Amino acid sequence: MRILLLLTLIISFNSIAEIRVPVRCEESVAQISTTNLIFFNSTEVIKVGECVGVELVKRGVMEALPKACDEVVEHKNNLLGALSLSKKEALQIGQCMGVINYVYDRYNDEKYNTSRYDSYYSKYKSYVYQCVTGMTAVKKLASTTYSLSSRSKIRDVLCEAELGTY
Amino acid sequence: MSKKTETGSINDYARIFLRLEDKTLPIKLHNALNSIFTKDRDNSNKATKAFRQQVVTEIKALHNNHYEILIGKSNAIYNALCLIATVGVGPTKKIFQYRFQPPKKGSISVLLQQTQEQALIFFCLGVDTKNMAEIGRRLESDSFDLFTERLPSPFGSDRNDKYNLAPMLAFFEHQIPWQDYMNAYQAAKASYAAEDVKTAISQLEELEQKALLPLPVVTSFKKTITAKQADAEEAYCYLQSLLNYK
């Protein structure tokens with residue numbers, strides 16, 4: 001189980017190009033019943049969590065996110081974590097990972113739009129976003145205390161504008 | 001000179017081991033013990049005679065021929081009861097014979113495999129597989145003395161008393177529709193496999209109520225399902241709360 005979870009984590013974080021969360025998974029997720037959840041295995045529940053996480057980040061609703069990512073950290077620290085993984089925790093883990101993957105997918109290597117607060121000089125350089133993934137990203141989100149009320153706020157937590165190489 | 005014997009008869013000891021106190025030994029068990037230790041059959045072979053001589057001696061009296069247990073050998077009766085519950089009468093006799101004629105390799109593990117009747121005992125009385133493994137291990141070990149030492153009880157229900165055989169009485173004492181219980185249990189399992197959790201739980205509850213004695217397997221299966229259900233319900237509430245953020 002633990003290996004399975006780690007594998008899921010690794011695969012989800014690394015093969016970002018392959019992973020495409022359904023455009024609108026919300027409808028199908030709303031149909032999920034308690035009975036479905038009994039018979040879903042952890043991997044499936046994590047997938048559901050990913051889908052919901054992405055839907056929420058698109059709408060800028062992230063109240064539950066730091067707590068969800070906290071769950072990932074806890075399970076990483078707990079040796080028996082995956083063995084005692086409850087379905088709710090699996091949802092939270094999926095939710096956190098879904099958001100991180102989405103942000104990476106959406107912003108990494110994307111051009112940074114200079115704002116009017118940036119220095120005159122920087123406007124003539126090309127900046128791109130570099131986003132963190134994996135446990136670094138998880139920990140950043142878990143320790144976020146201010147409210148993540150929009151997509152750009154979460155982007156600012158996970159990504160930094162760096163001088164482009166081109 | 002006659003050999004020294006214990007004061008109690010085979011039945012007396014069986015009643016002690018089964019915690020029967022004043023009650024009589026169920027006739028099925030009485031017959032089983034007799035066929036292992038006393039009843040002479042034409043096919044009683046050398047090994048049978050040999051192991052019987054280790055345990056009992058026949059006292060010939062004018063109108064009252066009877067058997068007495070040799071001193072220090074009462075645990076053989078305990079082991080016989082334990083094996084009757086776990087493998088049945090015939091195999092029990094064989095296991096005793098093996099002390100005097102070397103078994104073919106692997107015979108003991110073959111004997112320990114369940115017959116249909118044993119499967120019912122296992123199912124209804126909650127035989128602990130760990131204890132069964134320990135019984136198998138001891139039977140196959142050369143250092144274990146089947147006549148003076150005791151096998152662990154196969155029943156896991158009493159943690160303070162490793163040698164409590166009393167649960168087996170339920171199987172030999174009453175007329176209990178085991179097969180009905182088994183069928184009801186399997187129906188509940190089938191409902192669960194078909195993802196009909198509600199029906200599965202109500203089937204198990206119904207079985208618990210109509211059963212004349214506690215069925216550990218049924219209770220633990222019900223516990224497993226209800227725990228899974230509670231886990232899923234918690235997740236469901238969380239999921240709904242996420243979907244309701246608008």
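Why is the disulfide of Cys69(A) and Cys96(A) right-handed? The first point below takes this up, after a word on conventions.

This is a predicted model, in which local features need pLDDT of at least 70, side-chain atom pairs count only at pLDDT 80 or more, and totals for chains, interfaces and linings use all residues. Residues are numbered from 1 along each chain as its sequence is written, chains are lettered from A and ligands numbered from 1 in the order in which they are written, and side-chain values use heavy atoms, with hydrogens and water left out.

1. **The disulfide in the helices of chain A.** The torsion about the S-S bond of Cys69(A) and Cys96(A) is about 105°, so this disulfide is right-handed. The pair links distant parts of the chain: Cys69(A) sits in helix H5 (residues 65-77) of chain A and Cys96(A) in helix H6 (residues 87-107) of chain A, 27 residues apart. Helices here (H or I, at least four residues) and strands (E, at least two) are DSSP runs, numbered from the N terminus. The S to S distance is 2.2 Å, and a disulfide is defined as a pair of cysteine sulfur atoms within 2.5 Å. In general terms, a disulfide is a covalent bond between the sulfur atoms of two cysteines. Cys69(A) and Cys96(A) are both buried, where buried means under 20% relative accessible area, exposed over 50%, and partly exposed in between (1.4 Å probe, protein chains only).

2. Cys131(A) is joined to Cys159(A), with an S to S distance of 2.1 Å. This link is right-handed, with 100° about the S-S bond. It too connects distant parts of the chain, with Cys131(A) in strand S1 (residues 127-131) of chain A and Cys159(A) in strand S2 (residues 159-163) of chain A, 28 residues apart. Cys131(A) has 11% relative accessibility and so counts as buried; Cys159(A) is buried with a relative accessible area of 4%.

3. **Chain A as a whole.** Chain A has eight helices and two strands, and along the sequence they follow the pattern α-α-α-α-α-α-β-α-α-β. Of its 166 residues, 47% count as buried. Among contacts (heavy atoms within 4.5 Å) in chain A between residues at least 6 apart in sequence, 74% join residues at least 24 apart.

4. **Confidence.** The predictor gives the complex an ipTM of 0.76 and a pTM of 0.63. Chain B averages a pLDDT of 85, and 92% of the residues score at least 70; pLDDT is the predictor's confidence in each residue, from 0 to 100. Among the elements of chain B, helix H7 (residues 116-125) has the lowest mean pLDDT, 70, and helix H11 (residues 197-210) the highest, 93. Where pLDDT is low, the predicted coordinates should not be read in detail.

5. **A helix pair in chain B.** Helix H1 (residues 10-17) of chain B packs against helix H4 (residues 75-87) of chain B at an angle of about 65°, with their axes 9 Å apart. Axes are lines fitted to C-alpha atoms, for helices over the stretch in contact, and angles run from 0 to 180 degrees between N-to-C directions. H1(B) contributes Ile10(B), Tyr13(B), Ala14(B) and Phe17(B) to the contact, while H4(B) contributes Asn75(B), Ile77(B), Tyr78(B) and Leu81(B).

6. **Buried residues of H5(B).** In helix H5 (residues 89-97) of chain B, the buried residues are Thr92(B), Lys93(B), Ile95(B), Phe96(B) and Gln97(B). What covers them includes H2, helix H3 (46-55), H4, helix H6 (107-112) and helix H8 (129-140) of chain B. Another buried residue of chain B is Cys82(B), with a relative accessible area of 0%.

7. **Two loop residues with positive phi.** Glu21(B) is a residue other than glycine, yet its phi is near 55°. Glu21(B) lies in the loop between H1 and helix H2 (27-37) of chain B and, at 64% relative accessibility, counts as exposed. Glu195(B), also not a glycine, has a positive phi of about 60°. Glu195(B) is placed in the loop between helix H10 (178-193) and H11 of chain B, and is partly exposed at a relative accessible area of 37%.
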